[in-house]
Amino acid sequence: WVYLVQVLLTGVTKYYSNLPVVVDGQPYEARIANTIHISTQLSDVLNPRQTASNITLELRNHDQALTTLFDSYTWGNRVVRVYVGQGSNLSANYSQVFEGRVRFPNGLRWNETTAFVMVNDRRNTDSKLLPVNSSNAGSTPRYGTAEFSLVETKSLTTAKQILIGDYGTARSERIRAVCVNTTTREFRLVSNKFAPISAIQLVYKQEGLTGFRSVTFTSPNLTLGSFILGVAYNPDKDVITAHAKGVKTSGGTLIETPSRVIKYILQTHLGVATSGINQTIFNTLETNTSGIKLRRHITSELDSAVLLEEISRECGLDVFIKNGQYHAQTINYLPGTSLTTFDQTDIVSGSFEVVDDPNLAYFNSITVGYNFNPETGAYKKKDRSNATSISDVGATIAREFTFNWLYDDTDTDSRMTSLLFMFANKLLVVSVRLKHRAMLHYLADRFILNYKNNLEN
């Protein structure tokens, strides 16, 4: 197999391979000294993360050409792409198996014969701490007196919020507001960098230990995510909450379905370009999950990778990078095209193995916390069990989940049913190593495994 490496330096792209080849008319220098070791995987359904694989390129440097390039160009944080395949056409004959950025610092070393380039996986460089490190956070991602001289003391240095989904009047839950001017009683529900939002409907006030009551407000500004409180406010003891709806698409649609929420996080907050997202796959996901509604009021620092994992777990999705683009699909997704069939001739001898529940994932009773209420800090709870499974194994094996995005009873019931269906039955996992024909396949690819046990005919 041929390995192709593209290094995108400023003003020039360098092309390297393990063999002298010409692909799409572009010559590749045969400088790759050793097979590139790439290890990546999609973890199990309950912990849906694509693990990152950092790599080291070993490039022949007998003529000191790499040493000269290291001196002449900035390599730190430059994009590196790796392809595997055979042939003269990149799109038809090769699969992109890795994309990342040259590590900085400590990403380069060399000697008289070999140059080493350490590259961090793209998932590591894309991941950010939100909201403060969002691509759109601006220079003041926290509330402070430099921007708001009369901001309430209790909100100083707190992160400016992100509002996703529906906390409107059709629901009982409300979100907390931050007072940015204690004199004019101006409040913010989101950072203006993460607006406009869709609606500010009703405002509530709690005085000390009393219950919340509806109060008047004026000047709702969806572009700023702000309003003016119409009653007195004591920042030392009062709490203000609101019914509101979050960010929307350019066409005015509330962003709340899994596909739209994931795209919003990727594009608005991680800075992923439109070309870095497989639009066809996301459109399919929108069709398949359009009935599911998500919401979240993000008010403290959270890793974007964790947010995407939560959505994947709660909605039963795989989110991964393939061919340089983000993909998101349901775990039971089957493509419309025909599937590749691997048979016994493709299997490495002695590698076929069936394991009973290798990750100890089995359970027959489930408790879920969902529909988080930002006003009270509490979750609703649901319990469900599989009586047949409990009877079969003679024991109740319970597992508890916390859903931070799902809030609707129907959506939560559906996910609990799905989890019990998968994990309250016998969990057999097939493990097999396939030969070189599998090189052109990647994470989350669906295929048919046609296996015959000769001993049992």
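Start by selecting Pro-131, which sits in the loop between strand 10 (129-130) and strand 11 (162-164). Keep in mind that you're looking at a predicted model.

Next, zoom out and show the whole chain as a cartoon. You'll find 8 helices and 31 strands. The C-alpha trace spans about 75 × 65 × 35 Å along its principal axes. Of the 457 residues, 46% are buried. Among contacts with a separation of 6 or more, 69% are between residues 24 or more positions apart.

Now for some backbone angles. Most residues other than glycine have a negative phi. Select Arg-185, and you'll see a positive phi of about 60 degrees in a residue that isn't glycine. Arg-185 belongs to the loop between strand 14 (178-181) and strand 15 (186-188). Is Arg-185 buried or partly exposed? Arg-185 counts as partly exposed, because its relative accessibility is 27%.

Then go to Asn-371, whose phi is positive as well, near 50 degrees. This time you're in a strand: Asn-371 lies in strand 27 (residues 365-373). With a relative accessible area of 2%, Asn-371 is buried.

Move on to helix 4 (residues 258-269) and pick out Gln-267. Its relative accessible area is 28%, so Gln-267 is partly exposed. What does Gln-267 touch, leaving aside residues up to four places away in sequence? Show Val-272, Ala-273, Thr-274 and Ile-277, and you have its contacts. For a distance check, draw a line from Gln-267 to Ile-298: C-alpha to C-alpha, they are 17 Å apart in space, and 31 residues apart in sequence.

Finish on the surface. Select Val-354, Leu-428 and Val-430, which make a nonpolar surface patch of about 260 Å². Leu-428 lies in strand 30 (residues 428-431), and Leu-428 counts as exposed because its relative accessibility is 52%, over the 50% cut-off.

Conventions:
Residues numbered from 1 in each chain as written. Predicted model: local features only at pLDDT ≥ 70, side-chain atom pairs only at ≥ 80, totals over all residues. Heavy atoms only, no water. Helix = DSSP H or I, 4+ residues; strand = E, 2+ residues; numbered from the N terminus. Buried < 20%, exposed > 50% of the residue type's maximum accessible area, 1.4 Å probe, protein only. Contact = heavy atoms within 4.5 Å. Patch = residues over 30% accessible without salt bridge, like charges linked within 9 Å, V, L, I, M, F, W, Y side chains within 5 Å. Areas by Shrake-Rupley, 256 points an atom, 1.4 Å probe, with all protein chains shown as cover. Salt bridge = Lys/Arg side-chain N within 4 Å of Asp/Glu carboxyl O.
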